[in-house]
Amino acid sequence: MSFVSEFNSLPAPALAQKSLAAGAAAVRASLAKSKLSLADFANLISPAGAELLEHLGRRSHTLTQQRFGKVIRLFAPLYLSNECINNCQYCGFSRDNPILRVTLSLDEVRREAQALKEQGFRNILLVAGEHPKFVSVNYLRDCVAALHPEWPGISLEVGPMEAADYVPLVAAGADGLVVYQETYDRKVYADMHTAGPKRNFDWRLETPERAYAAGFRRLGISPLYGLADWRFEAICVAAHAEYLLRNCWKAQLTISLPRLRPCAGEFQPLTHMSNRDLAQLICALRVMCPDVGLVLSTRESAKLRDGLLPLGVTMMSAGSHTEPGGYTGAGREKLHQTVRGRIVELGASEWASAPENATAATGQFQIADERSSQEVAELIRRLGYEPVWKDWDAALTA
Ligand code: SF4
């Protein structure tokens, strides 16, 4: 039985409603428990829970230090390609967006990775749009194999695949797979994903299980906050995490906390999640799932990230670029427009009016924390934490 069966009978809308009505006594009672149910989690993310945020924050902080110590694991995204055959209303890479696109060659991927290595990174997240021709299994396998000798931690955030297609990626050296469900609301999901294979909600929802079956030992999940009610999404991702912890127990699980950022296409968030809501959610997830890693990316501002760090975050990106070639300028000479998944040749006048005068591929979204990785590492140290660039070595598990 996959998570889809459990999800279909999950009373998430009712729990989200119950959350809105929870009182302070219910929040305190849930907070006092050592093992929480989903109903307890709904209490922690309630408006009444927001009134007890200081209390919740102390509990979350203590649990995080007990389970993870005073360390923050750092990683960097490396965008391989911004080609995509899906239309996701909220994403700059959507196939119908007339943007500048490129898929990096293996040499260009090595150059980008080398630039990140020189900054100190040893954990890398390879990101690509979904395009079977440009971003094939063989291409991804070759990218992983090219980096594996020097990168002890390689995760992928790419279009969902069959388990059999993941096997060669694991064999080549990838150990982590990240897949955002985007939204757990089926209706909103259908509205947001108007073309391409991503329209299949259940297929995406089962991706972490297929990845686990293929041998990935790090799994990352998340909704994208700003599409549906954040409390509903939080209840669903907590249920998803519980399922994966029970059924994919050899894997380390992380939950990311992405909120929508401005991007090409200028999509506006459909729902609001405040900074305080985000802080409350971090604490509630920590109390609900004490051993799950919580990831905060450069989508959030420097000031907010600094404030959220001690609450329960265990992993951060830093100095990120969301366009292929963003660290070295690699691939610029191959820029082109792709419309509906096909390359379109541009005339000179069109190049002249192309965004940024065609000097760089278009990024997926604007980042908010523009500090360098060294500045972020220094800040982590100043807060009394140790920045960890590498916490895993394949040799230890051989
Ligand atoms: S979110 Fe992913 S699948 Fe959707 S358009 Fe962007 S890159 Fe493509």
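1. In which sense do strands β5 and β6 pair, and over how many bridges? In this predicted model, strand β5, residues 153–157, and β6 pair in the parallel sense, and two bridges connect them. Ser155 is the residue that stands opposite Gly176 in β6.

2. Six bridges link β6 with strand β8, which covers residues 218–223, and the two run parallel. Within this pairing, Tyr180 stands opposite Ser222 of β8.

3. The burial of β6 deserves a separate remark. Strand β6 spans residues 176–182, and seven of its seven residues are buried, so the strand is largely enclosed by the rest of the structure. In a regular strand the side chains alternate between the two faces of the sheet. Here Gly176, Val178, Tyr180 and Glu182 point one way, while Leu177, Val179 and Gln181 point the other way; every one of these residues is buried.

4. Most residues other than glycine have a negative phi. The relative accessibility of Glu182 is 7%, and since buried means under 20%, Glu182 counts as buried.

5. Strand β10, residues 293–296, is likewise covered on both faces: Gly293 and Val295 lie on one side, Leu294 and Leu296 on the other, and all are buried. Strand β9, residues 252–256, runs parallel to β10 and is joined to it by three bridges. The bridge partner of Thr254 in β10 is Gly293. From β9 the chain crosses through helix α14, residues 275–288, to reach β10, and this β-α-β crossover is right-handed.

6. On the pairing of β10 with β11, two bridges join β10 to strand β11, residues 315–317, and these strands run parallel. Val295 stands opposite Met315 in β11. A right-handed β-α-β unit is made by β10, helix α15 (residues 302–312) and β11.

7. Leaving out residues up to four places away in sequence, Ser317 touches Phe75, Pro77, Leu296, Ser297, Thr298 and Arg305. With Thr298 there is a specific polar pair: a polar atom of the Ser317 side chain lies 3.3 Å from the backbone nitrogen of Thr298. The C-alpha atoms of Ser317 and Val295 are separated by 8.1 Å, and the two residues are 22 residues apart along the chain.

8. A separate point concerns the open sheet of three strands, whose order is β3-β12-β13 and whose pairing is antiparallel. Strands β3 (100–101) and β13 (342–344) stand at the edges with a single partner strand each, so one side of each has no neighbour in the sheet. Between β3 and strand β12, residues 336–339, there are two bridges, and these strands run antiparallel. Leu100 stands opposite Gln337 in β12.

9. Is Asn82 buried or exposed? Asn82 counts as buried, at 0% relative accessibility, and lies in the loop between β1 (71–81) and β2 (87–88). A polar atom of the Asn82 side chain lies 2.8 Å from the backbone nitrogen of Val102. When neighbours within four places in sequence are left aside, Asn82 is in contact with Phe93, Ile99, Leu100, Arg101, Val102, Pro324, Ala361 and Thr362. One of these contacts, Leu100, is the residue that stands opposite Gln337 in β12.

10. The last point is the ligand. The residues around the ligand are Cys84, Asn86, Cys88, Cys91, Phe93, Ser94, Gly129, Lys198 and Gln364. By class, this shell has four nonpolar, four polar and one charged residues. Phe93 belongs to the ligand shell and is also in contact with Asn82.

Note on methods
Residues are numbered from 1 along each chain as its sequence is written. This is a predicted model: local features need pLDDT of at least 70, side-chain atom pairs count only at pLDDT 80 or more; totals for chains, interfaces and linings use all residues. Side-chain values use heavy atoms; hydrogens and water are left out. Two strands pair if DSSP finds at least two bridges between them. Helices (H or I, at least four residues) and strands (E, at least two) are DSSP runs, numbered from the N terminus. Buried means under 20% relative accessible area, exposed over 50%, partly exposed in between (1.4 Å probe, protein chains only). A residue is near a molecule or strand if one of its heavy atoms lies within 4 Å of it. Ala, Val, Leu, Ile, Met, Phe, Trp, Tyr, Cys and Pro count as nonpolar, Asp, Glu, Lys and Arg as charged, and the others, Gly among them, as polar. A polar contact is a pair of N or O atoms within 3.5 Å; within protein, one must be able to donate a hydrogen and the other to accept it, and residues adjacent in sequence count only if both atoms are side-chain atoms. Contact means heavy atoms within 4.5 Å. A crossover is right-handed if, with the strands pointing away from the viewer, the path from the first strand over the helix to the second runs clockwise.
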